[in-house]
Amino acid sequence: MNEFTERQMQLTWRAPKKSYDVVIVGAGGHGLATAYYLATRHGITNVGVFERGYIGGGNSGRNTTIIRANYGIPAAVRFYQRSVDLYRGLEQETDRWLMHQQKGILWMAHSEAAVRAERMRAKLNTEFGAETEFVGPRQVEELCPQLDMSGGGRWPVLGASYHPQGATARHDRVVWALAEGAMERGAHVHQNTPVEGLILDGERVAGVRTAAGDVAARAVVSAVGGHVSRIAAMAGLRLPIRTHRLQAFVTNHYRQQFGPIVASSELFFYASQTARGEMLLGAEIDPQPSFSYRSSHDFVQDVCRRALCLLPFMSNLRVLRQWTGVCDMSPDYSPIMGRTGVPGFFITTGWGTWGFKAIPAGGEQMAELIATGEIPELIAPFGLDRFARDRTMADRGSAGTH
Amino acid sequence: MSLRIPCPLCGDRSVHEFVHGEIRRIPDHVTDPDERDLDFAFHHDNEEGVVTERWFHALGCRRWFEIRRDTTTDRIVGAAES
């Protein structure tokens, strides 16, 4: 047994109370981070987190654990940079090893148009606080010597934007660190306890109906991933969300030599090496809306074909494992956080393919909103009402492959 | 095995040849014109279960047709020509 499992065995699990100050639906990264920051930053510990499966068993455990802030619009760069900063301090803050490793991310350009886009990204990121520089082919080769700089003859690497703070962390260690941090301070986490309905008091959401009985709450937060439209419908809301599958896979291990995370928005894939030495590959979402966790062979085939253009050494590796998560895609490829217009009901959704990197900042900001009642400046542009106000936060270019 | 879409003209073909199209329904209880516009522009049913949807065979016969698909299992449950 290692220190990770030993700590879990010391936790005390309690039965749900009849009422909480705050009920959070979903014990994934965002739900647990909200509980954690409510407890640590605002002293609110009368909190119940309800989870239909197990901690971190949804999309928090089905992603590619990349942490970065090189987004395409100022509000997003600021928000994700906050998350990058919080992640860097999270090991010390929670006193747990999260296997957080700063690797740097190279976002490659294979055409003149892409070079312009990456130069612009580097400028915009630097301007709004996320360190990024444009690097030429020689520096790219130094940072990642495994790359075929000719791109198989079809996709030459003409340069890349380099974001040195790009990192990865171990997903289950992150969610358990947050869960333990919240539980040690008095919050309750209830696994295998699905929320089956919301208790409405007139217009207001006043609690949740769970498999373990009704629970009253002054504030209910939906931190659900994948089935958020169903929860929102219980409060009479329709959401600008469509749910799509996102797949990823790992190969057998390769010697620990692959330094950075590499991504290509023209070849639509990204790759990094896990702590075990596996090459981890991901790409874009499946085209049809779906809630299925089934993986497909043509995804592996397609991504391998594209990845081998840039990383020909991988032709000697074998695919070991493949998995699928379901992503709540918002129309503008930005998250949705904040109030819903229904009193007592808060939402954090639209985490599409960019949820893991936002866990600490998303939780911190939602906790601040619930504790103070004021919408924090950092997430004010990401409210659900932005669609009605014609203030969408279009950022597809930065989300495309992650 | 990837999802294969039954095109009424071309038979079962890979999903990558098609473009997905949603059948938009604004709920009747939404009556305010601005709300209906908002719903049309952004909101989705995002249903879990069997849905009727449109597909366009972009890399084939370039025809629109309707099928019924279970979004929880990603299996086609029936076809209906439009």
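Reader: What makes the eight strands of chain A an open sheet, and in what order do they stand?
Author: The order is β6-β7-β5-β14-β15-β16-β13-β17 in chain A, with mixed pairing. Strands here are DSSP runs of E, at least two residues long, and helices are runs of H or I, at least four, numbered from the N terminus. β6 (133-135) and β17 (319-329) stand at the edges, each with a single partner strand, so one side of each has no neighbour in the sheet. This is a predicted model, where local features need pLDDT of at least 70 and side-chain atom pairs 80 or more, while totals for chains, interfaces and linings use all residues. Residues are numbered from 1 along each chain as its sequence is written, and chains are lettered from A and ligands numbered from 1 in the order written.

Reader: How do you know that β14(A) and β15(A) pair?
Author: Two strands pair if DSSP finds at least two bridges between them. β14(A) and β15 (residues 269-273) share 3, in the antiparallel sense. Therefore they count as paired. V262(A) stands opposite A271(A) there.

Reader: What joins β14(A) to β5(A), and in which sense do they run?
Author: 4 bridges join β5 (residues 105-109) to β14(A), and the strands run parallel. L106(A) stands opposite V262(A).

Reader: Which residues of β14(A) point which way, and are they buried or exposed?
Author: I261(A) and A263(A) point one way, V262(A) and S264(A) the other. All are buried: 20 or more other C-beta atoms lie within 10 Å of a buried residue's own, against 12 or fewer for an exposed one, with partly exposed in between and C-beta atoms placed from the backbone.

Reader: What makes the largest nonpolar core a core?
Author: Such a core is a set of buried Ala, Val, Leu, Ile, Met, Phe, Trp, Tyr and Cys residues joined through C-beta atoms within 7 Å. The largest has 120 residues, and V22(A) and V25(A) have the most contacts inside it. It draws at least three residues from each of domain 1 (17-63 + 171-241 + 332-399) and domain 2 (105-164 + 245-326) of chain A. Those bounds come from an automatic or database domain assignment. Apart from this core lies another, of 7 residues, among them F18(B) and W55(B).

Reader: How many residues of the two domains of chain A are in contact?
Author: 5 residues of domain 1 are in contact with 7 of domain 2. Contact requires C-beta atoms, placed from the backbone, within 7 Å. The domain centres, taken over C-alpha atoms, are 30 Å apart.
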